[in-house]
Amino acid sequence: MTPTPFSRPVTLTALALATWLALGTPAAHAGRACETRPLTTQALSQGLTLAQRTAQALDEEHARSGARVVVLARAGQDLGKYQLRYSHLGWAYKTAEGPWRVLHKLNQCGTPVASLYRQGLGEFFMDDLWRPEAAWSVPAPALQGPLLALLSRP
Amino acid sequence: MAFASRSFFTQTFWAACLALALSGHPAQAQSEASQAVSALPVASVVGVAGSAAAGSAAVVALPVALTVSGATLVVKAVEASARGTVWVLERASDGARVSVEWSGRAAQAASVGVGTAVTVSVIAAGAVLSVAGEVLCFVPNGLGHGLLHHERVTL
């Protein structure tokens, strides 16, 4: 089956499991290979195109629902054997200037050391995708303001 | 399956997720390492000739030399700059020129000399410059600039 380039539907179970995997599994830090491979035009184009389409879709979401904060998922590795479609989550928010930014936690490659990063959608989707696909879920309206304030904090 | 404006999650769930995500959870609990986290080779246009965007420091539309996919540019000059390296590129078909500045690794910059053939691939966010199939750098347009940001928030 050809993967869809962009996907909104995420079931509660899938997202909850993905969140659990992202935040709670002790062995997960070993998940991705750390070898350095030359960046190909195809990979870069694919990641940035997905980022651009995601930005457009999130802007439409913002226009439709007013959402300025979403949980954004990417498929950075194949977790099919765990019945999971997405491997990583970040908190994406729309800045006052317009572009979306993602706050997420990343391991330094090959180590158990992690840091929080604020990145653009381009960097978020450039990280060696397994499948060129994104999904998001929108927190309740009452949480939008407090989340935005927290995520925007320098 | 529409779900966009309705949350599947309770406030408690979100609060727990946010707390876990932002409060220094043990590093080994993270799902993904990142090798490309700061490796995106972004270049910027520093001077243009024959450009639709001449005079624009923050380029919204790329110079004409970077607007045709599959075009071959030839490196005419390599110059050191305060931030890195400036490549002066000329389109083989019509002589349109563009200069791009790149502050990436010196080793990669050293591999590009006068006479090197560079291929242009145009995407919505800008232009990808490659040599023999490997990415040399990405030159974002206005849309692409909005997609790019890299900041380490915590050590």
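I started with a definition: a residue is buried if 20 or more other C-beta atoms lie within 10 Å of its own, exposed if 12 or fewer, and partly exposed in between, with C-beta atoms placed from the backbone. I then checked V46(B), and it is partly exposed because it has 18 other C-beta atoms within 10 Å.

Before going on, I noted that this is a predicted model, where local features need pLDDT of at least 70, side-chain atom pairs count only at pLDDT 80 or more, and totals for chains, interfaces and linings use all residues. Residues are numbered from 1 along each chain as its sequence is written, while chains are lettered from A and ligands numbered from 1 in the order in which they are written.

Next, the overall look of chain B. Helices (H or I, at least four residues) and strands (E, at least two) are DSSP runs, numbered from the N terminus. I found three helices and nine strands in chain B. Along the sequence they follow the pattern α-β-β-β-β-β-α-β-β-β-α-β. Of the 155 residues of chain B, 37% count as buried.

Back to V46(B), which sits in strand β2 (residues 43-49) of chain B. Which residues does V46(B) touch, leaving aside its neighbours within four places in sequence? I got V86(B), S99(B), V100(B) and E101(B); contact means that the two C-beta atoms, placed from the backbone, lie within 7 Å. I also looked at A96(B), which is 50 residues from V46(B) in sequence and 15 Å away in space, C-alpha to C-alpha.

Then I followed those partners. V86(B) stands opposite E101(B) in β5(B). Strand β4 (residues 85-91) of chain B runs antiparallel to β5(B), and six bridges join them; two strands pair if DSSP finds at least two bridges between them. The two form a hairpin with five residues between them, and G95(B) in the turn has a positive phi of about 80 degrees. Why is strand β5 (residues 97-102) of chain B largely enclosed by the rest of the structure? Because five of its six residues are buried.

β6(B) and β7(B) form one with two residues between them. They run antiparallel, joined by five bridges, with β7 covering residues 126-131 of chain B. In β7(B), L129(B) is the bridge partner of V120(B). On another pairing, strand β3 (residues 72-80) of chain B meets β6 (residues 117-123) of chain B in the antiparallel sense over three bridges, and there L73(B) stands opposite V118(B).
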